[in-house]
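Thanks for coming. I will take a few minutes to walk through one structure, starting with a term we need.

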Amino acid sequence: MRVVITGGAGFIASHWIDRLLAGGHEVVALDDLSTGSLANLAHHEGHPRLDFRRIDISEPFEVEGAIDRVLHLASPASPIDYLRLPVQTLRVGSEGTRHALDLARARGATFLLASTSEVYGDPLEHPQRESYWGNVNPIGPRSVYDEAKRYAEALTMAYRRSFDVDTRIVRIFNTYGPRNRLDDGRVVPTLIAQALRNEPLTVFGDGSQTRSFQFVDDLLAGFEAVLAQPSGDPFNLGNPCETTVLEFAERVRDLTGSQVPIVFRPLPQDDPKQRRPDITRAREMLRWEPVVPLAEGLARTISWYRDRIFREVAHPDRV
């Protein structure tokens, strides 16, 4: 197949590109590098089936030739990034999604939207089913990301209903793994980097808020399962094993061998108190569920971060 993937230099997309190239597919990767990094694709430099293009998909763009799939992963996803780039985040969720959908429509390609569990906001339903409409503050600081994704889902469904575009929607829950930026700002890279640098671990609030952590390999298997079936309805892809942020910080400390203290900071506005997916639909329709245990996924991720931080200290000009 010939596949276009937006946000191609990002954490998740770069892992998907690994799989696509290994499967013999041709990939056109689009990214404006506002949050992605070419370092994530450096191991494919010169690959004859990878075409990287620095493009802001919020502006009109064209990809020539036949296209089988358009995989839309472009968007700032970390609070640090979308709070720094609020208008850009809204534009890539709106105009960027429209341009990607127009490309899929013009080429008769299957379109996949990488949405997010953030469409549920600070949920009043627990765990969250795909049928839940969410509890989102539309004018809060986080709304630039939440509402951009909610609009992107609405636009995707409109193209499916109005133009018969073959679409898929995936709602991603807290995914971690190698290549997630050290300064990403989300809980996994932040706590691991702090532990490896022997810095106090930062926990917001009292740490009782919960998250459900999914290793990137499980997410990619879920993506492929979603694309293999015809349903256009959203699928939750996440790990239903829930843990508090404080418990997670303690586990990171144990796995890194660190003895640093845990410090508490005020909880950010509209930070979700609970986050756990109901994956009944994925289990029944896709025969999918996460298989990588948290201890294994964290060990692999910590190893990558350890190497990255070692190189950061030894060669700061090369990181």
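A polar contact here is a pair of N or O atoms within 3.5 Å; within protein, one of the two must be able to donate a hydrogen and the other to accept it. Please keep in mind that this is a predicted model.

With that term in hand, look at Lys149. A polar atom of its side chain lies 2.7 Å from the backbone oxygen of Ala114. Lys149 sits in helix H4, which covers residues 143-163. Is Lys149 buried or exposed? Its relative accessibility is 7%, and buried means under 20%, so Lys149 counts as buried. Leaving out residues up to four places away in sequence, Lys149 touches Ala74, Ser75, Ala114, Ser115, Thr116 and Val119. Thr89 is 60 residues from Lys149 along the chain, and their C-alpha atoms are 9.4 Å apart.

Helix H4 also holds Thr156. Thr156 is buried, with a relative accessible area of 0%. Beyond four places in sequence, the residues that Thr156 touches include Leu101, Phe111, Leu113 and Ile169.

Now the nonpolar cores. In soluble globular proteins, nonpolar side chains tend to be buried together. How many residues does the largest nonpolar core have? The count is 58, and the residues with the most contacts inside this core are Ile5, Trp16, Leu71 and Phe223. Take Leu71: with neighbours within four places set aside, its contacts include Val3, Ile5, Trp16, Leu112 and Leu227. A second, separate core has 24 residues, among them Val28, Leu30, Leu101 and Val165.

How values were computed:
Residues are numbered from 1 along each chain as its sequence is written. This is a predicted model: local features need pLDDT of at least 70, side-chain atom pairs count only at pLDDT 80 or more; totals for chains, interfaces and linings use all residues. Side-chain values use heavy atoms; hydrogens and water are left out. Helices (H or I, at least four residues) and strands (E, at least two) are DSSP runs, numbered from the N terminus. Buried means under 20% relative accessible area, exposed over 50%, partly exposed in between (1.4 Å probe, protein chains only). Contact means heavy atoms within 4.5 Å. A nonpolar core is a set of buried Ala, Val, Leu, Ile, Met, Phe, Trp, Tyr and Cys residues joined through side-chain atoms within 4.5 Å.
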